Amino acid sequence: MKSIKARFESLLDNILWVIVFALITVGGGALFFFYNNNPHLVLLWILLAVGIFNMCALVFLYISIKTARTPLIHTHHRSVIRQHFENAFASGAEVFYLSIMSQHTLKEMESRLEKAQNTGSRINILTLDPDSDQAVIEAIRIHLNEPPYDTNVVHQQIRDAWRLWSLFAEKYSIVRVRKYRSIPTLQGVLVRDKYLTLELIPYNTQTADRPGIFLTQKENSELFILLQERFIRLWESQKE
């Protein structure tokens, strides 16, 4: 429904010009034919103008549908970008995946890595350092405020994520894994030089309700280039 609404809003941005054109056509034609005292031609001209108006409206609607873009910022990020996330592993490109502990994602990751290997995609994983201080883990737990609500268990999940990603790296030659120590403020996937999805992590917001950002190099080049550079800088600054 939101995409349909956006398309009609885009149409309304241009519809004023169609109305002005139609009024000029009708008004000009009416004056001309009234001046020549031929009401039948006036009616014919008005019907023709209405037809032109409707045709223009349909053209603008078609253009707005063809050029409709994925919203830059949206709510319920995971449901909106799920297909882009899946496509990243079959893109045949270099992919950077930034995560905290991937407790949900890791359960379904092997089939994605099989797809990546078959398509020649190269997967670079950044996961939170399992040796992070307990105080850092506690701060992350408080911010996320999601199960299991226990710092020791969260820390173990972070260790498990590093261990599982490392096992995947041993099994799949297209996977490289590094750990980072900076405080995580988002998660996301970068398909190099193509598109980027970011999941923002506001305080005490469950995974299904988190907002996100979707950028493409073609449509959002300046911001895309900035964030891609930061993704790659984070990757290159970490050790395997």
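Does phenylalanine 89 count as buried or exposed, and at what relative accessibility? Phenylalanine 89 counts as buried, at 1% relative accessibility. Buried means under 20% relative accessible area, exposed means over 50%, and partly exposed lies in between (1.4 Å probe, protein chains only).

## Basis

This is a predicted model, in which local features need pLDDT of at least 70, side-chain atom pairs count only at pLDDT 80 or more, and totals for chains, interfaces and linings use all residues. Residues are numbered from 1 along each chain as its sequence is written, and side-chain values use heavy atoms, with hydrogens and water left out.

## Overall fold

The chain has seven helices and seven strands. Their order from the N terminus is α-α-β-α-β-α-β-α-α-β-β-β-β-α. Helices (H or I, at least four residues) and strands (E, at least two) are DSSP runs, numbered from the N terminus.

Of the 240 residues in the chain, 40% are buried. Among contacts with a separation of 6 or more, 73% join residues 24 or more positions apart. Contact means heavy atoms within 4.5 Å. The accessible surface is about 14100 Å², and carbon and sulfur atoms hold 62% of that. Areas come from the Shrake-Rupley method with a 1.4 Å probe; for residues, only the protein chains shown count as cover.

## Aromatic pairs

The whole structure holds seven aromatic pairs. In one, the ring centres of phenylalanine 85 and phenylalanine 89 are 5.3 Å apart with planes at 75°, so the pair is edge-to-face. Rings of Phe, Tyr and Trp (its six-membered ring) pair if their centres lie within 6.5 Å; planes under 30 degrees apart are stacked, over 60 edge-to-face, and the rest tilted.

Phenylalanine 85 also pairs edge-to-face with tyrosine 97, at 5.8 Å between centres and 65° between planes. Phenylalanine 85 lies in helix H3 (residues 77-88) and tyrosine 97 in strand S2 (residues 94-98), so this pair ties together parts 12 residues apart in sequence. Both residues are buried; phenylalanine 85 has a relative accessible area of 12%. One aromatic cluster takes in Phe85, Phe89, Tyr97, Trp165, Phe168 and Tyr172.

## Charge over a ring

Lysine 179 places its charged end over the ring of tryptophan 162, 4.8 Å from the ring centre. The criterion is NZ of Lys or CZ of Arg within 6 Å of the ring centre and within 35 degrees of the ring normal.

## Surface patch

Leu72, Ile73, Leu223 and Leu226 form a nonpolar surface patch, with about 330 Å² of accessible area together. Leucine 72 lies in the loop between helix H2 (39-66) and strand S1 (73-74). Leucine 72 is partly exposed, at 37% relative accessible area.

Patch residues have over 30% relative accessible area and no salt bridge; like charges are joined within 9 Å, nonpolar side chains (Val, Leu, Ile, Met, Phe, Trp, Tyr) within 5 Å. A salt bridge is a side-chain nitrogen of Lys or Arg within 4 Å of a carboxyl oxygen of Asp or Glu.
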